[in-house]
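Please look over the model shown below before reading the notes that accompany it. The briefing is arranged by topic, from the single chain to the contact between the copies.

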Protein chains: 2
Amino acid sequence: MKTYSPGLHFIGDIEAENVAPMFDAKACKTLIDALITKHGLNKVGEVYHSFDNAGFTAAICLTESHISVHTWPEYGRVTFDVFLSNYENNNDGKGEDIFNEISAYFSAITVAKNILRR
Amino acid sequence: MKTYSPGLHFIGDIEAENVAPMFDAKACKTLIDALITKHGLNKVGEVYHSFDNAGFTAAICLTESHISVHTWPEYGRVTFDVFLSNYENNNDGKGEDIFNEISAYFSAITVAKNILRR
């Protein structure tokens, strides 16, 4: 029997000056899909919802749990999280890479990073 | 201008003996929809994915951010989170109530609760 190991939950709060990517849900989807492919994760569903003249909110369900992104261009902020379970494999490094890639994508000036071992 | 106040993020890890609800995505959706209505939140999209002979994973996107639920009946565990922004209203109490309702719904014997002020 495999051991119960729900994995690491990375939770980030970004501040950035370039708010253009915070309006563009489609470009964010391209990034997330590329990261899912890069790390061999399995997407089982997704939501990308754009608000009128504002940011977007996204949640991507994975066999390994989820990724979420909420953008706030009116404040130059992005809140996001990456939670990958370790049931099939140890995904700790993958979660960290996805966290860093999303931070870089939004050209974060500061990122508050919280990591929860679950 | 409204102030930036992304809100509270409640993160829970449940242990329970009755695993039947962990197989039933449809019943969980009924609960979540009722909680969204109860608190006047706004759903903008959702994913409920059931794994074969196993648990389910769900992510519900809200104007106020998201709720996620991942069940592990093989271990009697549920990982979930509730993140409600305070942009339009202070939703701290609503997040706490939803957290408690989900814990009760799964007949949690223990719940590890983490709260992040974002």
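The model is predicted, and every value given here is computed from it. Chain A has 2 helices and 6 strands, and from the N terminus on these elements follow the order β-α-β-β-β-β-α-β. Chain B is superposed on chain A by a rotation of 180° with 0.0 Å of shift along the axis, which is the relation of a two-fold axis.

**Overall form of chain A**

- For 118 residues a compact globule would have a radius of gyration near 13 Å, and the 14 Å of chain A agrees with that expectation.
- The C-alpha trace of chain A spans about 50 × 25 × 20 Å along its principal axes.
- Of the 118 residues of chain A, 44% count as buried.
- Among the contacts in chain A with a separation of 6 or more, 58% are made by residues 24 or more positions apart.

- The 6 strands of chain A form an open sheet in the order β2-β3-β4-β5-β1-β6, with antiparallel pairing.
- At the edges of this sheet stand β2 (43-50) and β6 (110-117) of chain A, each with a single partner strand, so one side of each is left without a neighbour in the sheet.
- From one strand to the next, the twist averages 5°.
- Helix α2 (residues 92-105) of chain A packs on the sheet, where it touches β1 (8-15), β4, β5 (77-84) and β6 of chain A, and its direction makes about 10° with that of β1(A).
- Strand β3 (residues 56-62) of chain A and strand β4 (residues 65-72) of chain A run antiparallel and are joined by 6 bridges; within this pair, A:Cys61 has A:His66 in β4(A) as its bridge partner.

**Strand β3 of chain B**

- In a regular strand the side chains alternate between the two faces of the sheet.
- Both faces of β3(B) are covered, with B:Phe56, B:Ala58, B:Ile60 and B:Leu62 buried on one side and B:Thr57, B:Ala59 and B:Cys61 buried on the other; in terms of the whole strand, 7 of its 7 residues are buried.
- On one flank, 7 bridges join β2(B) to β3(B), the two strands running antiparallel, and B:Val47 has B:Ala59 as its bridge partner in β3(B).
- The hairpin of β2(B) and β3(B) has 5 residues between the strands, and in this hairpin B:Asn53 takes a positive phi near 50°.

**The contact between chains A and B**

- Chain B and chain A each bring 24 residues to the contact.
- On the side of chain B that touches chain A, at least two residues each come from β1 (8-15), β2 (43-50), β3 (56-62), β4 (65-72), β5 (77-84) and β6 (110-117) of chain B.
- The residues on this side of chain B divide into 10 nonpolar, 10 polar and 4 charged.
- Of the interface residues of chain B, 100% are also interface residues in chain A, so the copies meet through the same surface.
- The rotation of 180° superposes chain B on chain A with an RMSD of 0.0 Å, and in chain B the C-alpha nearest the axis is that of B:Ala59, 3.2 Å from it.

Methods. Residues are numbered from 1 along each chain as its sequence is written. Chains are lettered from A and ligands numbered from 1 in the order in which they are written. This is a predicted model: local features need pLDDT of at least 70, side-chain atom pairs count only at pLDDT 80 or more; totals for chains, interfaces and linings use all residues. Helices (H or I, at least four residues) and strands (E, at least two) are DSSP runs, numbered from the N terminus. The radius of gyration is taken over C-alpha atoms; the globule rule is 2.2 Å times the number of residues to the power 0.38. A residue is buried if 20 or more other C-beta atoms lie within 10 Å of its own, exposed if 12 or fewer, and partly exposed in between; C-beta atoms are placed from the backbone. Two residues are in contact if their C-beta atoms, placed from the backbone, lie within 7 Å. Ala, Val, Leu, Ile, Met, Phe, Trp, Tyr, Cys and Pro count as nonpolar, Asp, Glu, Lys and Arg as charged, and the others, Gly among them, as polar. Copies are superposed by least squares on the C-alpha atoms of residues with pLDDT of at least 70 in both. Two strands pair if DSSP finds at least two bridges between them. Axes are lines fitted to C-alpha atoms, for helices over the stretch in contact, and angles run from 0 to 180 degrees between N-to-C directions.
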